[in-house]
Amino acid sequence: AQSVTQLGSHVSVSEGALVLLRCNYSSSVPPYLFWYVQYPNQGLQLLLKYTSAATLVKGINDFEAEFKKSETSFHLTKPSAHMSDAAEYFCAVSPQYSGAGSYQLTFGKGTKLSVIP
Amino acid sequence: GAGVSQSPSNKVTEKGKDVELRCDPISGHTALYWYRQSLGQGLEFLIYFQGNSAPDKSGLPSDRFSAERTGGSVSTLTIQRTQQEDSAVYLCASSLDPSGSSYEQYFGPGTRLTVT
């Protein structure tokens with residue numbers, strides 16, 4: 001069984017400040033990990049993914065995340081927030097491919113990011 | 001290239017009616033997923049299709065929900081005898097074979113279903 005916990009349903013940062021969105025996971029098998037962003041009335045867009053290569057993953061729009069197995073964490077960061085980053089962010093986990101089974105995503109509850117000018 | 005498309009974008013239906021939601025995945029993607037996004041429950045997995053394998057229906061909330069995927073491409077999610085608690089955004093996603101290093105799920109814009 002897998003689960004994802006996102007700490008903080010709502011995070012506010014000032015424009016230009018560091019963005020830190022927290023994600024912890026629980027998984028009985030080695031996971032793949034993802035961060036998605038959702039703008040109002042739109043679908044989900046992939047920001048970045050961890051699929052067992054480098055533990056520090058860089059994504060679009062200067063976002064990055066680090067997979068820390070010992071902490072079961074995959075926190076999302078961005079050095080400097082822009083107004084356009086205001087959206088809802090979802091952390092998700094799926095099992096690594098093992099030849100059989102299902103690979104659906106299990107999502108966290110989401111964190112709504114507000115950027116204050 | 002074209003992304004995942006879904007139709008209709010919005011659907012309002014009366015309680016007790018049946019609805020069909022359509023998903024056109026990215027061409028060449030062998031895997032297709034349906035999810036539901038609602039205020040109370042967040043994002044939930046519904047059903048997964050992979051190639052010619054039997055689908056994983058473990059996320060379907062009741063026997064009123066069913067889905068099929070014809071010819072390994074287009075998928076239809078059907079909800080029979082709709083209830084107000086079925087109101088949600090239904091998201092479809094597709095991906096290449098999950099064994100590949102390029103594996104990621106691409107999402108469509110969703111269908112917003114409102115049951116009155």
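A:Cys23 and A:Cys91 are joined in a disulfide, with their sulfur atoms 1.9 Å apart. A:Cys23 belongs to strand β3 (residues 19-27) of chain A and A:Cys91 to strand β9 (residues 87-95) of chain A, so the pair ties together parts that are 68 residues apart in sequence. The model is a predicted one. The torsion about the S-S bond of A:Cys23 and A:Cys91 is -65°, and the link is left-handed.

A search of the whole structure gives two disulfides over all chains. In chain B, a disulfide is formed by B:Cys23 and B:Cys92, whose sulfur atoms are 1.8 Å apart. B:Cys23 is part of strand β3 (residues 19-24) of chain B, and B:Cys92 is part of strand β8 (residues 88-95) of chain B; the pair therefore ties together parts that are 69 residues apart in sequence. This disulfide of B:Cys23 and B:Cys92 is left-handed because the torsion about its S-S bond is about -65°. B:Cys23 and B:Cys92 are both buried. In general terms, a disulfide is a covalent bond between the sulfur atoms of two cysteines.

Attention now turns to the contact between the chains. Chain B contributes 22 residues to it and chain A contributes 21 residues. Between them, chain B and chain A bury about 1,700 Å², of which 56% is on carbon and sulfur atoms. Of the area that chain B buries against chain A, 31% is supplied by B:Leu43, B:Tyr103 and B:Phe107, more than by any other three residues.

Polar and charged interactions also occur between the chains. Four residue pairs are in polar contact between chain B and chain A, both residues being at pLDDT 80 or more. The count of salt bridges between chain B and chain A is one. In a salt bridge, the side chain of B:Glu104 meets that of A:Lys49 at 3.7 Å, N to O. Strands β4 (31-38) and β5 (42-50) of chain B each supply at least two residues of the side of chain B that touches chain A. Sorted by class, that side of chain B has 10 nonpolar, eight polar and four charged residues.

Over all chains, the search of the whole structure finds six salt bridges. Side chains of opposite charge can pair when their charged atoms come close. One of the salt bridges links the side chains of A:Glu64 and A:Lys58 at 2.7 Å, N to O. Here A:Glu64 is partly exposed, with a relative accessible area of 24%, whereas A:Lys58 counts as exposed at 61% relative accessibility. In another, the side chains of A:Lys78 and A:Asp85 meet at 2.9 Å, N to O. A:Lys78 is buried because its relative accessible area is 3%, and A:Asp85 is buried because its relative accessible area is 2%. In chain B, the side chains of B:Arg22 and B:Asp24 form a salt bridge at 2.8 Å, N to O. B:Arg22 counts as partly exposed at 38% relative accessibility, as does B:Asp24 at 23%.

A:Ser9 is located in the loop between β1 (2-7) and β2 (10-14) of chain A, and A:Ser9 is exposed, with a relative accessible area of 59%. Leaving aside residues up to four places away in sequence, A:Ser9 touches A:Gly110, A:Thr111 and A:Lys112.

Terms used. Residues numbered from 1 in each chain as written. Chains lettered and ligands numbered in written order. Predicted model: local features only at pLDDT ≥ 70, side-chain atom pairs only at ≥ 80, totals over all residues. Heavy atoms only, no water. Disulfide = S-S within 2.5 Å. Helix = DSSP H or I, 4+ residues; strand = E, 2+ residues; numbered from the N terminus. Buried < 20%, exposed > 50% of the residue type's maximum accessible area, 1.4 Å probe, protein only. Contact = heavy atoms within 4.5 Å. Buried area = accessible area lost by both parts, 1.4 Å probe. Salt bridge = Lys/Arg side-chain N within 4 Å of Asp/Glu carboxyl O. Polar contact = N/O pair within 3.5 Å; in protein donor to acceptor, adjacent residues only side chain to side chain. Nonpolar A, V, L, I, M, F, W, Y, C, P; charged D, E, K, R; others polar.
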